[in-house]
Amino acid sequence: MADVHHGNNNHVPILFSFSVFSRPSSVPLGSGYEVLIQKFLSMYGDQIDVHRKFVIQLFSEEWGQYIDLPKGFVVAEKCKLRLVPLQMEMTTLGNLTPSSTVFFCCDMQERFRPAIKYFGDIISVGQRLLQGARILGIPVIVSEQYPKGLGSTVPEMDLTGAKLVFPKTKFSMVLPEVEAALAEIPGLRSVVLFGVETHVCIQQTALDLLGRGLEVHIIADSTSSRSMMDRMFALERLSRTGIIVTTSESVLLQLVSDKDHPKFKEIQNIIKASAPESGLLSKV
């Protein structure tokens, strides 16, 4: 049965339409675009192609037809909405530039050291990424999962200059303080994501970022889980959603893009020795 909360004054009934389907539901009063797009995904996610761009439209009684959702729209009364795919399929090219990129370092904490497969390797690669971010002036956002019980970020990871280091209990890194920090970065397009665990916090963070229209690059040689099975299946699943699964060296060289880049030599020094393969080659 549809989850329309007729008796709840804090919820507003809405007819959500997509393709040939229409289903009644409700959202909290005052909900904006982000809540509405997540509602569409929860209702029709198995039919939505994430490689395409969409627009939400509102039925206008004045015009007698659907119009594009007005900027700053919030739900104030009963209404009809539909999700419309744009005609052009969007191919994820995966281009990276320092000015439009942010690094996410997820839960690289002391208590995970004995449990996570190849933890030493992914920490080593993570430190390379943090060093590269400092050289290229890329903002870094760092999460720590329940640090009171799981400890702080391991000392090998130099967090000097990080834009934000924050505690969390939610698995995803996409919390209000993170969204506020992202809003301060003009022209942001891409997130480079690494840490633990691949199939939990990394996966949920990546999907949340993708749902917000950001391009996500997961660093395969700097993310792991307690189980290699969970790690590899998560990477495979994420790659099928349009998320780019790549390596640390590939990303760092893509960010400088040219041998004549003023920071190329410094980046070259970071990657002079090949990154540890962290168990990935055994699964190829």
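1. Helices (H or I, at least four residues) and strands (E, at least two) are DSSP runs, numbered from the N terminus. The UniProt annotation, from an unreviewed entry, labels residues 101–249 "domain: Isochorismatase-like"; UniProt positions follow the numbering used here, feature names are shortened, and annotations may be inferred rather than shown by experiment.

2. Please keep in mind that this is a predicted model: local features need pLDDT of at least 70, side-chain atom pairs count only at pLDDT 80 or more, and totals for chains, interfaces and linings use all residues. Residues are numbered from 1 along each chain as its sequence is written, and side-chain values use heavy atoms, with hydrogens and water left out.

3. Now to the sheet. The model has an open sheet of 6 strands, paired in parallel, in the order β8-β7-β6-β9-β10-β11; two strands pair if DSSP finds at least two bridges between them. β8 (164–168) and β11 (244–246) are at the edges with a single partner strand each, so one side of each has no neighbour in the sheet. On average, neighbouring strands are turned by 20° against each other, direction ignored.

4. Strand β10 (residues 215–224) runs parallel to β11 and is joined to it by 3 bridges. Ile218 has Val245 in β11 as its bridge partner. Thr247 sits in the loop between β11 and α7. Ile218 and Thr247 are 29 residues apart in sequence but 7.8 Å apart in space, C-alpha to C-alpha. Leaving aside neighbours within four places in sequence, Thr247 is in contact (heavy atoms within 4.5 Å) with Ile219 and Asp221.

5. Ser190, in strand β9, is buried, at 0%. Ser190 touches Asn95, Leu96, Ser100, Thr101, Val102, Glu215 and His217, not counting residues up to four places away in sequence.

6. α2 lies across β6, β7, β9 and β10, at about 140° to β10. Helix α5 (residues 198–211) touches β6, β7, β8, β9 and β10, and its direction makes about 165° with that of β9. Axes are lines fitted to C-alpha atoms, for helices over the stretch in contact, and angles run from 0 to 180 degrees between N-to-C directions.

7. α2 also meets α8: their axes come within 10 Å and cross at roughly 175°. That makes the two helices roughly antiparallel (over 145 degrees). Arg128, Gln131, Gly132, Ile135 and Leu136 of α2 make the contact with Glu266, Ile267, Ile270 and Ile271 of α8.

8. Finally, the interior. A nonpolar core is a set of buried Ala, Val, Leu, Ile, Met, Phe, Trp, Tyr and Cys residues joined through side-chain atoms within 4.5 Å. Which members of the largest core, with its 33 residues, touch the most other members? They are Phe103, Met157 and Phe194. The largest share of this core, 9 residues, comes from α2. Met157 touches Cys105, Met108, Ile123, Gly126, Gln127, Leu130 and Phe194, not counting residues up to four places away in sequence. A second, separate core of 28 residues includes Met173, Val191, Val200 and Leu238.

Key. Buried means under 20% relative accessible area, exposed over 50%, partly exposed in between (1.4 Å probe, protein chains only). Angles under 35 degrees count as roughly parallel, over 145 as roughly antiparallel, 65 to 115 as roughly perpendicular and the rest as oblique.
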